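Here is a short walk through one protein model. Keep the sequence and the 3D view side by side as you read.

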Amino acid sequence: MGQLHELVIAKDQDIKAAIEAFVLEKGWQNVYISGAIGSVYGLEFTTPADSSYPPQVERTLCQGPGEMLSFTGEVMTMERMDPALRGVYKGDGPLFVHLHASVATAGAHVYGGGFHGGKAFRSLKVSLQEVCPACRRCPALPGAGTSPAP
């Protein structure tokens with residue numbers, strides 16, 4: 001895994017768009033998002049509507065504002081995306097931004113699921129790491145400790 005980076009998403013910025021722009025600017029192809037902290041609003045979550053596969057999803061709106069409780073996921077080029085998910089997550093950009101989150105709103109109400117979209121309320125700090133390209137030095141790959149793959 002690469003060095004940990006922090007992306008600060010400013011008030012009223014679209015969260016997914018900001019993450020995608022950051023990853024594209026860095027030239028990364030595979031990214032792990034380990035968390036986020038901050039306040040958000042205008043969120044939309046998805047959850048499976050039934051037990052079919054690939055899943056049909058329902059959308060739930062959370063107007064907020066609220067506090068982000070959890071935020072994790074991955075960003076990758078469309079070529080790396082699981083083909084079964086292509087029919088579920090339709091995007092027009094070069095990256096697949098796959099996130100799951102939970103948020104608390106006034107009255108201790110909690111919403112969560114697949115993160116479809118939303119905006120930063122005051123700000124949101126997102127922690128991201130590039131997943132190293134396939135090389136023989138990666139501890140998770142056979143032949144760890146040898147020279148990089150060609």
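The text below goes from the overall fold to the aromatic rings.

This is a predicted model. The protein has one helix and six strands. From the N terminus on, the order is β-α-β-β-β-β-β. Of its 150 residues, 35% count as buried. Take the contacts between residues at least 6 apart in sequence: 69% of them join residues at least 24 apart.

Now turn to the rings. The structure holds four aromatic pairs. One of them joins Phe22 and Trp28. Their ring centres lie 5.8 Å apart, with the planes at 80°. An angle over 60 degrees counts as edge-to-face, so this pair is edge-to-face. Both Phe22 and Trp28 are buried.

A second pair to look at is Tyr41 with Phe121. Here the ring centres are 6.3 Å apart and the planes stand at 80°, so this pair is edge-to-face too. Tyr41 belongs to strand E2 (residues 30–48), and Phe121 to strand E6 (residues 109–130). The pair thus links distant parts of the chain, 80 residues apart. Tyr41 is partly exposed, at a relative accessible area of 25%. Phe121 is also partly exposed, at 35%.

Stay with Phe121 for one more contact. The charged end of Lys11 sits over the Phe121 ring, 4.9 Å from the ring centre.

Finally, find Phe45, Phe71 and Phe115. Ring pairs link these three residues into a cluster.

Technical notes. Residues numbered from 1 in each chain as written. Predicted model: local features only at pLDDT ≥ 70, side-chain atom pairs only at ≥ 80, totals over all residues. Heavy atoms only, no water. Phe/Tyr/Trp six-rings, centres within 6.5 Å; stacked < 30°, edge-to-face > 60°. Buried < 20%, exposed > 50% of the residue type's maximum accessible area, 1.4 Å probe, protein only. Helix = DSSP H or I, 4+ residues; strand = E, 2+ residues; numbered from the N terminus. Lys NZ or Arg CZ within 6 Å of the ring centre and 35° of its normal. Contact = heavy atoms within 4.5 Å.
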